[in-house]
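Subject: Structure handover

Hi,

Here is the structure you were waiting for. Please look it over; my notes follow below.

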Amino acid sequence: MLFLLKPLRLATKALLTESTPRQLSMGFAMGILLGLVPKGNLLAITLGIILASLRINLGVAAAAALAATFIGVYLDPVSDRLGTYLLSLPSLQGFWTQLYNTPLMPWTDFNNSVVIGSFVIGLILVYPLHRLSHPLFTRYSTVVAERARRWKIARLLLGAEWADRIGSLE
Amino acid sequence: MRWTYVIPRLLIVVFIWAGLHFGMDPALRFSAIRTAQTLTGAKADVGELSTTLYPPRVTVSGVALASAGRPGTNLVEFETLEFRLSGDPLLRRQFVVEEGVVKGVRFGTLRGDDGQLEEEEEEPESTEPSWLAEQLKARGREWLNGLTEQIRSQLDPNVLETYRTGDEIYRKWDGRFQELSLEVKAMKPRVEDLRVRFRAARSGNTVEQIENYLQVAQQADTLVQDAQALRKEMTDITPEVRTDLMRLDQARKNDTEQIQQLVREFRPDAGEVAESVIGGPMYEQLHQLISWIQTVRSYASQLQQQTHPERGRGTDFEFPWLHPTPDFHLCKLTVSGDMRMDHEWVPFEAVVTDVTSDAPLLQRPAIVRFRLQGKKPLLLKVTYDATGETAITEIVGAYREAEPRMLNADAGRKATISAELDDIQWDARFTLIDDVIDGTVRLAGQLEKPVFAAQDPSLRHELVDAMNDVMSRITEVSAELRTTGPLKHPRVELHSPIGEEISEGVRLAFADQMNAAKEKLQAQAEEYAAEQLQRLTGRFRGEYERLMAEHGDTIRQVQEIQQLVASLRSGKVDAATVFQQVSNSNLISEKDRGKVNKVMDQANSFLNEAGVPGALPFAIPGQGASPGLGSLPGLSGQQRVIPGGAGSGSGGTGSGSAAPPSTGNAGSRPLLPSTLIPPNFAPPLLPPRKR
């Protein structure tokens, strides 16, 4: 039983206790990027894997991705226009063709105007969102962490760790 | 080691792997079910769907697609479907099935439920009636009806010219003789009236008698003219009758020639015969084939729509492939299973090759080879060539029926043709371009137990015998059905030697029957003509002779009166001569003859002894003042003597000629002045009168 709970405790701890403002803001920006890109293609999966492999706060990233998914539907017209412009740009045709003939790339749906447009918009917004959110996370991250510790489930998981420490000391 | 860093990421990887491993198959299964239901319009059951990424392989088992048109029945079901995808095209999002196998395919199996979706129902396709078979039956019925009517009309006696002419001639002469008889009969009262007037002419004094006799003479003249005209008319009958009899003979010759021509030309339409006999099964096969084609095309169009997913968010840009290949290519798919034929499951095999979404890119047509085993082996090859601008479908099939098939040609209420067609072999070859079909269906078989049965009692047995004779000689049947035009209503043409064989056989066989029937009918016609001739001749001769006899007596009587009156007109006969003529004629009876003779004797005595009284000339009308005798025209100082007495008969009229009495008697004087005699009075020549 304790063996199964330990990964959960470690994940909770990582989410709630050991996140710096920088990690939080980067997680937020990357989450927005992931949320804007339409799902069901290799690009979204790849972004998810990249996001998971970075030293960023995954909790904030997941929350931001969820929120951006709903917001992204309303940005589809903008994404479509941007994607159409990029995909039809004559100077990029060779690049797109080369990319299209690369294995696995067709699975990313990069040739879809909304996908590529959303991805580009997300990329553009990564740094600004990070810079804009960093002060906010700096100011409110400790407050949020403190409140999160009060959640029963967090206390349950964290308390279990303390019990384990106690047990190991004895 | 920063487990806080690794563990969450590891969890994510595990979740992704778990999603792919445990979630992709159900997702694919759900997608397959949805696609199949959209395609068929009915429920689709998929038991299991498993995939392997390397090598890429998909296995589907327990699939049953319900039939939308037949609740409770599966359209198709199969046990397993396994296909292997090519890896390299898969990286480029192209599905190339290198090889696929479908096992345990069955069509039309039963389901546990009705298999119907609860979605909005599509309007069912109207089941097109077998318009071809219906059309065929109508044409076959017309052939036999037309044949029997033609034969019936040809063998109808009323059609023969002999009958018609003979009947016409008889009626004509029947009327003519009746008219002549009436005219002759009408003469008799006039003769009798003349006779009565002649007798009555004796009343009154001599002058009145003479006047009466003149009137009688005038009537007699008219009567004789009428009698002569009637006689001429009767005489002129003979050439006309001869002409009519020649017409009758000519009619008989014409009938003979017509019969011969009819036998030469009589021949039912070979096309209609073929359609009547063999067209039914041919058209049914064609109709079934067209129905299959339409069904497959319907499913293919729906499948094509399904392979193009719904338009999602955004626009997909297609970039050129450096090594272009179709997005979907089924290299080879082997299908095996059972098909229900005649209430039993018959195994079949099929191989499908080169089915692709981009045939012009692949440059290879899709081919389906189908083999059905069992009692009715079937080989079918369908080639779908979409490499060009227009898709061309070629269908080549060979099918064999081991069990005999009954042929029934219904000709309405007239007759039926039935036979067994055994060892049947079908060959079909069609080309389908868009909605236009062009091809042929060929049939070959053995014809056995042919029977032509008459349903209508009025159908002549000669025809029935001829048809059965013809049908018994036909052992092999072959037919070809050519089809062109729109798929829904193609134009069809049936060609079969059986039509020609039956048609020619009917002509030859029926010629004998027809000859016999026509000879019989011709004999009847000739007998009828001979009978008519005999009747006409007999009637003509009898009537003619009777009329001539009656007419002759009448004419003779009238001529005698004329002769007597002519004697008076000539003024050169005296009363004695007249009286002698009258006495010698048959116009008066024996009793009257005695009186006449007595008067004549008295007159002679008076004239010879006393001479003519002086006042006599003044009693003659029209003579004005009493002139002397010498002033009366025609009256000379001639003295006449009435020859003979009663029964002497030796008078001027002994010769019976119409010549006026002798004028050579010296001293005799005419009884009447010539001016009292009508100037146009001319007595005819009378035949010698027999005593």
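Chain B has an accessible surface of about 37,600 Å², and carbon and sulfur atoms hold 54% of it. Accessible areas here use the Shrake-Rupley method with a 1.4 Å probe, and for residues only the protein chains shown count as cover.

Two notes on the basis. This is a predicted model: local features need pLDDT of at least 70, side-chain atom pairs count only at pLDDT 80 or more, and totals for chains, interfaces and linings use all residues. Residues are numbered from 1 along each chain as its sequence is written, chains are lettered from A and ligands numbered from 1 in the order written, and side-chain values use heavy atoms, with hydrogens and water left out.

Back to chain B. It holds 13 helices and 14 strands. These are DSSP runs, numbered from the N terminus: helices are H or I with at least four residues, strands E with at least two. Of its 691 residues, 40% are buried, meaning under 20% relative accessible area (1.4 Å probe, protein chains only). Take the contacts in chain B between residues at least 6 apart in sequence: 69% join residues at least 24 apart. A contact means heavy atoms within 4.5 Å.

**Chain A**

Chain A has 8 helices and 0 strands. Its pattern along the sequence is α-α-α-α-α-α-α-α. Of its 170 residues, 44% are buried. Its accessible surface is about 9,900 Å², with 71% on carbon and sulfur atoms. Among its contacts with a separation of 6 or more, 78% come from residues 24 or more positions apart.

**The interface**

Chains A and B bury about 2,800 Å² between them, 61% of it on carbon and sulfur atoms. Buried area is the accessible area (1.4 Å probe) lost by two parts on being put together, summed over both. Chain A gives 37 residues to the contact and chain B gives 26 residues.

How many salt bridges are there between chain A and chain B? The count is 1. B:Arg93 and A:Asp109 form a salt bridge through their side chains (2.2 Å, N to O). The rule asks for a side-chain nitrogen of Lys or Arg within 4 Å of a carboxyl oxygen of Asp or Glu.

On the chain A side, these helices each give two or more residues: H1 (2–16), H3 (42–53), H4 (58–74), H5 (76–87), H6 (93–100) and H7 (113–149). H6(A) gives the most, with 5 residues.

Best wishes

Conventions: Buried < 20%, exposed > 50% of the residue type's maximum accessible area, 1.4 Å probe, protein only.
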